Amino acid sequence: MQLGVIGLGRMGGNISLRLMRAGHHCVVYDHSADAVKRVAGEGATGAADLADLLRGLEKPRAVWVMLPAGEITEQTVASLADHMEPGDTIIDGGNTFYKDDIRRAASLRGRGLNYVDVGTSGGVWGLERGYCMMIGGPAEVVERLDPIFSTLAPGMGEIERTKERRNRDPRPEQGYMYCGPAGSGHFVKMVHNGIEYGMMQAYAEGFDVLQGKASAELPEDQRFTLNIADIAEVWRRGSVVSSWLLDLTAAALAENETLSEFTGHVSDSGEGRWTVEAAIEESVPVPVLSTSLYARFRSRSGNTFGEKLLSAMRNKFGGHVEPHA
């Protein structure tokens, strides 16, 4: 299939590469000419602007926008819509707030344009591992674009099949799913990221307790100097708390057990906040998710070992770099 891709950063560029390696054709654009040149060098058709990108696609056209949530995505979607024709589709694969998806989809529907929102998880590892995707939009449009989604998805891999999963949509087993109307994909991804906050915080606090067992504040006969990197490694293998996040934690600690290259300043992308806001709207108690969000706020004024570990995990799965002080 053909796909236009706008935004060739950490994920957009790799999305293009994964598709092209499977035989799809990508027409790509980014404000950075160097980024366009880099991906075009791998087989994509580079575009000079949005209009040029659309001219390079056969109708009905589909364009994947992979930009930071907010004004830049808003402007890009609006500009694309001005150049598109009925039957064309805009796919937003970034971390957009789901209520913005609902609004955009309604506006574009009146112009005969389709809008699909894709909550995309996989970070900098997506090219190799594939992307877990949660998709919202018109069902028939999502079905037509299935060759794109199935290529980007990780597939079943070596994960054991869930027992008793009969007569269900096969796509979730492949690592992607159709969630429902516009906005539902990003809503599911938003809650996914809220859960991610809580899981990361639990690991960070637990390893902080382990690291603190050597503290001079404790009676001398109760102090242990524990090998934190080895604890992370042993927990990866057969323990109840094993996960990909723990794999990344073990990798960070193996590289530098003191995490001295991190300050512990932990940013939040917005999705954790939105998840807490949604919980408030629904009157659903989320004490763990709320606390993990507040812990990130606290990290910006003096830091613990646990907060350095949070920062290290974000760097490992998403390539997130701490802001300069």
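I count a charge as sitting over a ring if NZ of Lys or CZ of Arg is within 6 Å of the ring centre and within 35 degrees of the ring normal. With that rule I looked up Lys213, whose charged end sits over the ring of Phe224, 5.3 Å from its centre. I also found the charged end of Arg129 over the ring of Trp244, 4.0 Å from the centre of that ring.

**Basis.** I am working on a predicted model, where local features need pLDDT of at least 70, side-chain atom pairs count only at pLDDT 80 or more, and totals for chains, interfaces and linings use all residues. I number residues from 1 along each chain as its sequence is written, and side-chain values use heavy atoms, with hydrogens and water left out.

**Aromatic pairs.** I pair rings of Phe, Tyr and Trp (its six-membered ring) if their centres lie within 6.5 Å; planes under 30 degrees apart count as stacked, over 60 as edge-to-face and the rest as tilted. My search of the whole structure gave seven aromatic pairs. For Tyr98 and Phe187 the ring centres are 4.9 Å apart and the planes stand at 75 degrees, so I noted this pair as edge-to-face. The pair links distant parts of the chain, with Tyr98 in helix α5 (residues 98-109) and Phe187 in helix α10 (residues 184-211), 89 residues apart. Here helices (H or I, at least four residues) and strands (E, at least two) are DSSP runs, numbered from the N terminus. I call a residue buried under 20% relative accessible area, exposed over 50% and partly exposed in between (1.4 Å probe, protein chains only). Tyr98 is buried at 14%, whereas Phe187 is partly exposed at 23%.

I traced an open sheet of eight strands with mixed pairing, in the order β3-β2-β1-β4-β5-β6-β7-β8. The edges are β3 (45-46) and β8 (176-180), each with a single partner strand, so one side of each has no neighbour in the sheet. I take two strands as paired if DSSP finds at least two bridges between them. Strand β7 (residues 132-136) runs parallel to β8, and four bridges join them. In this pairing I found Ile135 bridged to Tyr178 of β8. β5 and β6 also pair in the parallel sense, over four bridges, and the partner of Asp92 in β6 is Asp117.

**Helices on the sheet.** I use contact for heavy atoms within 4.5 Å. Axes are lines fitted to C-alpha atoms, for helices over the stretch in contact, and angles run from 0 to 180 degrees between N-to-C directions. Helix α1 (residues 12-21) packs on the sheet and touches β1 (2-6), β2 (25-29) and β4 (62-65), its direction making about 160 degrees with that of β2. I found α10 lying across β5 (89-92), β6 (114-121), β7 and β8, at about 20 degrees to β6.

Which residues of β6 are buried on each side? I listed Asn114, Val116, Val118 and Thr120 on one side, and Tyr115, Asp117, Gly119 and Ser121 on the other. Leaving aside neighbours within four places in sequence, the contacts of Thr89 include Arg61, Val63, Asn114, Val116 and Leu145.

**Helix α14.** This helix (residues 287-298) has 12 residues and reaches 16 Å from first C-alpha to last, close to the 16 Å expected at 1.5 Å a residue; the expected span is 1.5 Å times one less than the number of residues. Its buried residues are Leu289, Ser290, Ser292, Leu293, Ala295 and Arg296. Their cover includes α10, α13 (271-282) and α15 (305-318).

**Backbone exceptions.** Most residues other than glycine have a negative phi, and most peptide bonds are trans. I noted a cis peptide bond from Lys59 to Pro60, with omega near -5 degrees. Pro60 is in the loop between α3 (50-55) and β4. Leu259 has a positive phi of about 55 degrees and is located in the loop between α12 (244-255) and α13. Ser283 has a positive phi of about 55 degrees too, and lies in the loop between α13 and α14. Are these two residues buried or exposed? I found Leu259 buried at 0% and Ser283 exposed at 67%.
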